[in-house]
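Hi everyone, thanks for coming. Have a look at what's on the screen, and I'll talk you through it.

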Amino acid sequence: MFATVTSDCIECGACEVICPQVFRLNSYEIAEAYMNPVPQDAEKSTKEAAKSCPVAAIILE
Ligand code: SF4
C-alpha cells in the first residue's frame, strides 16, 4: 500500500498523531507520507489516519 498527501492538507497534524510511522509534518508544516510503501504493521493505523483526515487529503493505493 502507498500513501500520499494532497495539497488539500490543512496541517491539522492528526495523521502524524495517529500514525507517526508513516506521516509527519515537513519543514513547511504540510503533512507528508515519508514511509512508502507503508509497512505492513502500519497499514491499519494508516487507514485510520486517512479516515480521520478532516479534508480527505490522504490517498491510499
Ligand atoms: S490529517 Fe489530513 S489535514 Fe491533517 S495533517 Fe494529515 S493530511 Fe493534513
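So, how many disulfides do we count here? The count comes to zero disulfides, where a disulfide is a pair of cysteine sulfur atoms within 2.5 Å.

Quick caveat: this is a predicted model, so local features need pLDDT of at least 70, side-chain atom pairs count only at pLDDT 80 or more, and totals for chains, interfaces and linings use all residues. Residues are numbered from 1 along each chain as its sequence is written, and side-chain values use heavy atoms, with hydrogens and water left out.

Now the ligand. Among the residues surrounding the ligand are C9, C12, C15 and C53; that takes a heavy atom within 4 Å of it. C9 is buried, at 15% relative accessible area, and C53 is buried too, at 16%. Buried means under 20%, using a 1.4 Å probe and protein chains only.

Last one: the charged end of R24 sits over the ring of Y34, 4.1 Å from its centre. The rule wants CZ of Arg (or NZ of Lys) within 6 Å of the ring centre and within 35 degrees of the ring normal.

Notes:
Buried < 20%, exposed > 50% of the residue type's maximum accessible area, 1.4 Å probe, protein only.
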